[in-house]
Amino acid sequence: MKQAMPWLHRLCALLALSLFALSVQAVQAGTGKTLNVLLTTPESALDPAVASDIATLSINENIFEPMLRYDYLARPVKLKPNTLKAMPEISDGGKTYTLHLQPGIHFTPDPAFKGKVRELTADDYVYSIRRLYDPALKSPWLFMFEGKLLGDEKLRNVQAAPGWKFDSASAIPGLQALDRYTLRIRLNAPDNNFLFILATTATSAVAREVIESYGNQAGNHPVGTGPFMLGEWQRSFRLVLNANPDYRKVVFDGEAGKDAVSQQIAADLKGRTLPLVSRITIAIVEEQQARVLGFLNREFDTLEQVPPPLADMVMKDGKLKPDLQQQGVQLSLFSPLQTYYVWMNMEDPVIGGYSQEKIALRRAIAMSYNNREDISLMEKGLAIPAQSPLPPNVLGYDASFKSPVPYDTALANALLDHFSYQRGADGYRRLPDGQPLHLVMHSQANTTGRLRDEVWRKTMDAIGIRISFKTDKHSEILRASRLGQVQMTEANWVADFPDGENFYQLLYGANIGRANYARFNLPAFNQLYEKSLTMTDTPERRALYRQMALLMHAYNPWIPRVHPLSADIRQPWVQHYQRHPVDFTNWRYLDIAPDAKQNAKR
């Protein structure tokens, strides 16, 4: 027994040290603190190369990491190194970027690594960017690199050579790992937005072993280097993100804006290690009323973009209701870089095409939409009319530009009459060849979708067009849209980076099958867009944008609807809350004040 005691003492000592190390690690990650949030649409595949919906992007930006990220509080927005040691070195007149990674960054553990600790290297970013070119993925983000990287025609098969096959290992001079921690990117021409591109979630690093191990199921096995990792996943219902225990030490050192709120947040966060909570529970709540009631029942710590039709549940005369103010609930009004619009499939045999009678049909639909009534009745005043694809505060936005397409149902009806869309005995119009005219609009299978359906049914009835609605999940509508299987639908776009390019690329012909769901392909528009890529935010580029907006209105692949004003509410125990114009989430910066939460429960 005496001989066993030293062994027992050593075991106890090791156990104590292990427990101490775990406790320190847990404290750094905000032990016991859970942030409860919601997303309004179901997530899709958690793969940075293919995800383009807000819900999935919100999750991905907490799991995966691009080389750069935005300073949380700086306004105007400012980029800073993320996985890099310093900001990229730019040379060769803006065509060459040299990037030095921090050593010692690790992917979260996964069976694909066969028990080994997997360090992030420059090769991972080379591989991840090359993946965007894989035609099998149909990545909506390829536009950010296509034709820009030196020699990328090798990845695109521009000569359509027989037998060509995409190879993710193909080396090109525009994308090279010079050593384990150094990456060099060379462009064909300077790109003023390229640093913004390097901060998008789509350029985050994934590990080749993970992708090859899971194949087309890689989006179900997200493995990144970010502050959080996937814990639980009940599809389209609930996800849990746990703080990454191996996350490198990231200490907040951001700049503050000029306002007192951001300055106070900066002072509170200074020197603190991120993230501040150890767990994030994410509920998928599609029904508007369930979101508001969930917040009021304290199931959610924040509610961003209070559903406008239900704003009177929490607001009165633009302010929080007195009882919520007494509870300590906080309200912020925020103008996101976001545009709501309707797109129509330009390749659809009924509504698409560039002939005069097809343009007249889409123009009449556009003229029948009353955005001011929509804002008043559906958005409850929490929006402004959209005149073009560009929202306020995006580089290139022109406040003086007004849409040349008016709301005028009388003129819309006259236009349809002129182009022989005659009404039948049932009062509904027929195509010029006498065949029935029947439109199908995809909409989301929730209360919001049903309300929007009624708006469009009323709108189409005013001009004698029969319309029916096909309801589906948001992710399924996106999938069908990329395949050209949707005739028309409502959509919205939130800026990936704060420049007009990011919105006008949605109408660029080369992006058909990716972000250009309308499948608009007009040579005159494409030429203007390509020319704008070589320019900074100048009066000359704004003039090009004006011409592009006029072409969009001339052919009407889009009906720009509104730019929302987001009413965001948060519980009194949520600390350091501030919306960012580009980042989708602020979860890594948020903290929970346990005393405030306990007091609120009493």
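Me: Which residues in H10 meet which ones in H12?
Reply: On the H10 side they are Ala360, Leu361, Arg363, Ala364, Met367 and Ser368, and on the H12 side Thr409, Leu411, Ala412, Leu415 and Leu416. Contact here means heavy atoms within 4.5 Å. Helices (H or I, at least four residues) and strands (E, at least two) are DSSP runs, numbered from the N terminus.

Me: And what classes do those residues divide into?
Reply: The contact of H10 with H12 has eight nonpolar residues, two polar and one charged. Ala, Val, Leu, Ile, Met, Phe, Trp, Tyr, Cys and Pro count as nonpolar, Asp, Glu, Lys and Arg as charged, and the others, Gly among them, as polar.

Me: Before we go on, what kind of model is this?
Reply: This is a predicted model, where local features need pLDDT of at least 70, side-chain atom pairs count only at pLDDT 80 or more, and totals for chains, interfaces and linings use all residues. Residues are numbered from 1 along each chain as its sequence is written, and side-chain values use heavy atoms, with hydrogens and water left out.

Me: What's the mean pLDDT?
Reply: The mean for the chain is 92, and 94% of its residues reach 70 or more. pLDDT is the predictor's confidence in each residue, from 0 to 100.

Me: Where does pLDDT stay under 50?
Reply: Over residues 1-30, for which the model has 13 contacts beyond four places in sequence. Where pLDDT is low, the predicted coordinates should not be read in detail.

Me: Back to H10 and H12, at what angle do they pack?
Reply: H10 (residues 356-368) and H12 (residues 409-418) pack at about 165 degrees, and their axes are 8 Å apart. Axes are lines fitted to C-alpha atoms, for helices over the stretch in contact, and angles run from 0 to 180 degrees between N-to-C directions. The two helices are therefore roughly antiparallel to each other; that label is for angles over 145 degrees.

Me: Is their crossing left-handed or right-handed?
Reply: H10 and H12 cross in a left-handed way. That means the near helix is turned anticlockwise from the far one by less than a right angle.

Me: How do H16 and H17 pack?
Reply: H16 (residues 523-532) packs with H17 at an angle of about 160 degrees, with the axes 10 Å apart. H16 and H17 are therefore roughly antiparallel, and H16 passes H17 in a left-handed crossing. Residues making the contact include Phe525 and Leu528 of H16 and Leu544 and Met548 of H17. By class, the contact of H16 with H17 has eight nonpolar, two polar and two charged residues.

Me: Is asparagine 556 buried or exposed?
Reply: Asparagine 556 counts as buried, at 1% relative accessibility. Buried means under 20% relative accessible area, exposed over 50%, and partly exposed in between (1.4 Å probe, protein chains only).

Me: What about aspartate 317, buried or exposed?
Reply: Aspartate 317 is exposed, with a relative accessible area of 73%. Its phi is positive too, near 55 degrees, and its place is in the loop between strands S14 (315-316) and S15 (319-320).

Me: Which residues does a cis peptide bond join?
Reply: One joins arginine 75 and proline 76, with omega about 5 degrees. Another joins leucine 274 and proline 275, with omega about -5 degrees. Proline 76 lies in the loop between strands S2 (68-70) and S3 (79-81), while proline 275 lies in the loop between strands S11 (273-274) and S12 (279-284).

Me: What does arginine 588 touch?
Reply: Leu274 and Pro275 are among the residues that arginine 588 touches, and so are Glu61 and Tyr247. Arginine 588 counts as buried, at 6% relative accessibility.

Me: New topic: how many residues of H3 are buried?
Reply: Nine of the ten residues of H3 (residues 122-131) are buried, so this helix is largely enclosed by the rest of the structure. The buried residues of H3 pack against helix H4 (153-156), strand S6 (175-179), strand S7 (182-186) and helix H6 (208-214).

Definitions and conventions. Parallel < 35°, antiparallel > 145°, perpendicular 65-115°, else oblique.
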